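Q: Please take a close look at one part of this model. I would like one connected answer.

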Number of protein chains: 2
Amino acid sequence: MGKIPDSHPRKASLLARAKLTQAGREGLLAESAMIAHGRGEAFDYLLGEKTSDSAKTAIKECAARLLAAKNPIVSMNGNTTVLAGKQAIRAAAIIGCPIEVNIYYRTPERMEKLIAALESMKEKIAAEVDEETKASVMAVEILGANADGKIDGLEGPRSICSRKGIESADVVLVPLEDGDRCEALVALGKQVLVVDLNPLSRTARTATVTIVDEVARALGEMEELLLQNPQPTDWDNQKTLREALEIISDSSKRI
Amino acid sequence: MGKIPDSHPRKASLLARAKLTQAGREGLLAESAMIAHGRGEAFDYLLGEKTSDSAKTAIKECAARLLAAKNPIVSMNGNTTVLAGKQAIRAAAIIGCPIEVNIYYRTPERMEKLIAALESMKEKIAAEVDEETKASVMAVEILGANADGKIDGLEGPRSICSRKGIESADVVLVPLEDGDRCEALVALGKQVLVVDLNPLSRTARTATVTIVDEVARALGEMEELLLQNPQPTDWDNQKTLREALEIISDSSKRI
């Protein structure tokens, strides 16, 4: 892909695609990653490629629940690391929680590459910020290499997790989760906070709080909202899904 | 991907994804193929992953126009060959027309592989049917290797086609076409029949008849409808697009 002019109305979307294509070549992604991304692109197109007020409320709720958690964790996969790794690290630094690399199609090579990518992002962020922030960024532990935990209710490689991370967490922020794993985590009594562009997906409908938004925008917004120290509310997740569907529904009248 | 249980509610969608992933590994697809497929998946999700009555009417109209054509052609690219090659061959056998492999990112290797894939599908279908059908299936010519034609109004590799195929056709069935080429074909006075899951795309809005449906379902349905020998009607393509958008819009009530 050549250079995308600043004036291009869909520049962010095209840049995200270029980043993923490059990461795919470097072996960071599963084969299905591009399909998942394309699905996201279509939903984001229908959502107008911006964070809705409704999504902003969901992001604030997630920020509040992560701050109030005993053992919060941010779970990252290939696509989210490539698209929003830096935002996730900055959010985790404010929350004061680790990040766990946890991928559906688990191979040692991909795990290693994703952990290395996040460690290198930490260094880059640390080089740009003040001393206090730098310390909190460098303190964000990247878990996942030790597969010493298990998600009860799942079988095979998908059940693997870190004991110190997802296994012992009470609140899990997990962008782009698959439906089975989301259900299993909820069944274990954890609060599952997801970012999913498809408001009809099983993940979106099963989660405790669903942010219907593009992951880099959502986690960028979360950084800001975490600093406002919000409080958890009595959350109606169905309402946020209905609001997202209304936006999609309205966009279909654009013809 | 492991074996998908028969009971899985989205088995067809997951199988399609597995097929494409495999074809990607074998070099049949362009790099952007997976993203395009993911975008389609999202729209199909909103359409309820089934052929609507409105889409069925469009499929019947396309069947009628292909049967009434002087020089009909079915144009196939990488994704459509992988997802619906067999359905296209069976439809072409009933119509009595050739299939042309015509791809946006043209390389000799991909052209060769796609033509070989279709030839091998012909053999497989022929082994399963009666003698008369077998003869009509084996008679379906797979064009594309000879790039001796041109689509006027386009430049570069995208303008290449077969003289005996798209260049001389009056009716072109072209699933998953790009907007520019669809416009150029329409400008040449050809009837352009497309299969596109996004009713808002330029292709969907430019085509003579737009089938808003998943390509394997649409071409499978077409086989059946061709046998009913339908007649072309005075077609309102805006109506079929509006109906698809209404279904997408109504999907917001599914929750």
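Which strand pairs with β2 (residues 99-101) of chain B, in which sense, and over how many bridges?

A: This is a predicted model, in which local features need pLDDT of at least 70, side-chain atom pairs count only at pLDDT 80 or more, and totals for chains, interfaces and linings use all residues. Residues are numbered from 1 along each chain as its sequence is written, while chains are lettered from A and ligands numbered from 1 in the order in which they are written.

β2(B) pairs with β3(B) in the parallel sense, over two bridges. Pairing takes at least two DSSP bridges between two strands. Strands are DSSP runs of E, at least two residues; helices are runs of H or I, at least four; both are numbered from the N terminus. One bridge joins E100(B) to L143(B) of β3(B).

Now the whole sheet. It is open and parallel, with six strands in the order β3-β2-β1-β6-β7-β8 (chain B). β3 (142-143) and β8 (209-211) of chain B are at the edges; each has a single partner strand, so one side of each lacks a neighbour in the sheet.

Helix α3 (residues 53-68) of chain B packs on this sheet. α3(B) touches β1 (72-76), β6 (171-175), β7 (191-195) and β8 of chain B. Contact means C-beta atoms, placed from the backbone, within 7 Å. The directions of α3(B) and β8(B) make about 130°. Axes here are lines fitted to C-alpha atoms, for helices over the stretch in contact; angles run from 0 to 180 degrees between N-to-C directions.

Notes: Contact = placed C-beta atoms within 7 Å.
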